[in-house]
Structures are given as C-alpha cells and as structure tokens.
Amino acid sequence: PLMGLHAVTHSPSVPVVAVAHQYMFLHPDYRFPAGRWGRRWAARAFARLTAWGASRRLALSLYPAADRPQDNLTVLPPLLRTGVFRQPRDQSEPFFLVYILNSGYAKEVIRWHEQHPDVPLHCFWDRPDAAPVDAYDDTLTFHQLDDEKFLRLMARCRGFVSTAGFESVAEAMYLGTPVQVVPVAGHYEQRCNAIDAVRAGAGVRSPRFDIGRLRAALDRGGDSGERFRRWVRQGRRRFVRELEAAARPPVAASMPGPPAEERILEAA
C-alpha cells in the first residue's frame, strides 16, 4: 500500500499503473466466498488503497471479463514467465507435481502417499535444512525450490496440486495441466483464488492435500487449456496499449519522432 499512501500525501505527477490480480476484487462479476462480509470489505478496501491515484488499474484474470472504464478498471490476462512459453505441451508422464507453501503440509502429502505408494509424486518445498533433492522412497521425492526444474516437471506431469497461488495456477492452465488447489487455512485471499480457479476451469479445490480428488477429476476429463492460451496471447498488445495510454501525454510533450507505441513494438 505504500504507493497508494504516497499518492494521497504527495500527488505524484508521474503516471502510475497498478497491476495485480487483486484488482479483480473490484469487478462486479468477481465471485467471493459465501459469507465473511468483513473480510470481503477489507480485501476490496486494501486493493483500492494500493491503487490510489493510479492512472490505470489493470486486473489480471484467469478468464476474460468486461472492462470497467467507469471504475478505471481494465481486465487483462495473467503475466507469465517466459520459461512457461518454452515448455513442450506434447509430453506426459504418470507422476503428480505438488507444491507446498508451508513445509508443514509435507505430513499430509506423506500420509496420502503411504496409502497410495504406487502413485509417483514430485513435491517442491521451501525447507532451509533439506537437501536439494530428498528421496523419501522410490515414488516420493522432495525438491528444494528451483524455477526451471519446477516448470519442466509441470509441463510433463499428469496433474498439479498446490496451495491457491494465482501465478502457479495460471502457469498450469497455460500448459494444459489439471490443478487441485488447497487454500491455506485462515487465508482469505487463498480461498478467493481457489474459487476463482475452479470457475476458470483449472480443476478442483480441496481443504487438504488429498490427491485422490484430482485423480477422480482427471477420470472425468476436462478443458485442454487452448481457450486459456488464446486469452493469454491477447495480453502483450493490450498491455502495451494500456501502458502507452497512461504515458502518452508526457511522452508526446518531451520526445520527438514516431509514436511511442510504434517504438516499443519495433524494439520487441
């Protein structure tokens, strides 16, 4: 919220563009968890504060939604790491990929694994005292965080189980990998993300790391991800347009030559 507070107290002359998934909280079509009106109000108020005084509010979304110019709100696709676009989408192996935000969730993963030892699992965690690769047994392996390895395994796995972070769900959707989201207990934004992911067709949600729910969903089939990939591919030109619209008055006044939008597109 520091930028919003700065805008309130200093009225900066430089155009500000606010970009976040949380600005979807301000869209009338966004679906919140039932009840918890106080937390809903707080989430929306916090999102407004972070974008106070912004020239543009860009809401990152897993699905298209109408822009709200009257609310200074534009809906755009997620921003994905370039490594996602380099991953092959024609490879599939019978293991499940698991990401646990809190290493304490490893107990749930191990408990499920011991009941289903025939299902291969690769699990990423952030545990400082652990080895880079820690083989629990022949079919369960824990890995320290490694972006490149994580994406390679996500592109090849049968399904992805994770806490309800926005970016990892978006990456899995682009790769066509079915998802099971497990929101962190007591974390309202994670509950919102979990409901939103199911609405977008990413997969299923669950209160615990019970990978059997994802296996059952796979048996029912689902979206291959092509609709989501089309949505993401619209993003580049639309982001340029919105950023240049915010910057155009000062650019036009101070920089001669061709329009700034043409220079950026040519450089890209």
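Which backbone oxygen does the side chain of Gln-87 reach? Let's find out in these close-up views, which all come from a predicted model.

**View 1. Gln-87 sits in a loop between a helix and a strand.** The loop in question runs between helix H3 (82-85) and strand S4 (96-99). Here is the reply to our opening question: the side chain of Gln-87 reaches the backbone oxygen of Gly-83, at 3.1 Å. Gln-87 counts as buried because its relative accessibility is 16%, and buried means under 20%. Look also for residues that lie further along the chain. Setting aside neighbours within four places in sequence, Gln-87 is in contact with Leu-151, Arg-152, Ala-155 and Leu-175. Leu-153 is 66 residues away from Gln-87 along the chain, yet their C-alpha atoms are separated by 9.6 Å.

**View 2. Helices H5 and H6 cross at roughly 45 degrees.** Helix H5 covers residues 147-156, and its axis comes within 9 Å of the axis of H6. The two helices are therefore oblique to each other, and their crossing is right-handed. On the H5 side, find Phe-150, Leu-151, Met-154 and Ala-155; they meet Ser-168, Glu-171, Ala-172 and Leu-175 in H6. Sorted by class, this contact has six nonpolar residues, one polar and one charged.

**View 3. Glu-171 is a buried residue in helix H6.** Follow the side chain of Glu-171 to the side chain of Arg-81, where the two make a polar contact at 2.7 Å. Apart from neighbours within four places in sequence, Glu-171 is in contact with Leu-80, Arg-81, Val-84, Phe-150, Leu-151 and Met-154.

**View 4. Helices H6 and H9 pack at an angle of about 115 degrees.** Here H6 (residues 166-175) is seen with H9 (residues 226-233), and their axes are 7 Å apart. Are these two helices roughly parallel or roughly perpendicular to each other? The range of 65 to 115 degrees counts as roughly perpendicular, so H6 and H9 are roughly perpendicular. From H6, look for Ala-170, Met-173, Tyr-174 and Leu-175, which meet Phe-228, Arg-229, Val-232 and Arg-233 in H9. This contact has six nonpolar and two charged residues, with no polar ones.

Methods. Residues numbered from 1 in each chain as written. Predicted model: local features only at pLDDT ≥ 70, side-chain atom pairs only at ≥ 80, totals over all residues. Heavy atoms only, no water. Axes fitted to C-alpha atoms, helices over the stretch in contact; angles between N-to-C directions. Helix = DSSP H or I, 4+ residues; strand = E, 2+ residues; numbered from the N terminus. Parallel < 35°, antiparallel > 145°, perpendicular 65-115°, else oblique. Contact = heavy atoms within 4.5 Å. Nonpolar A, V, L, I, M, F, W, Y, C, P; charged D, E, K, R; others polar. Buried < 20%, exposed > 50% of the residue type's maximum accessible area, 1.4 Å probe, protein only. Polar contact = N/O pair within 3.5 Å; in protein donor to acceptor, adjacent residues only side chain to side chain. Left-handed = near helix turned anticlockwise from the far one by under 90°.
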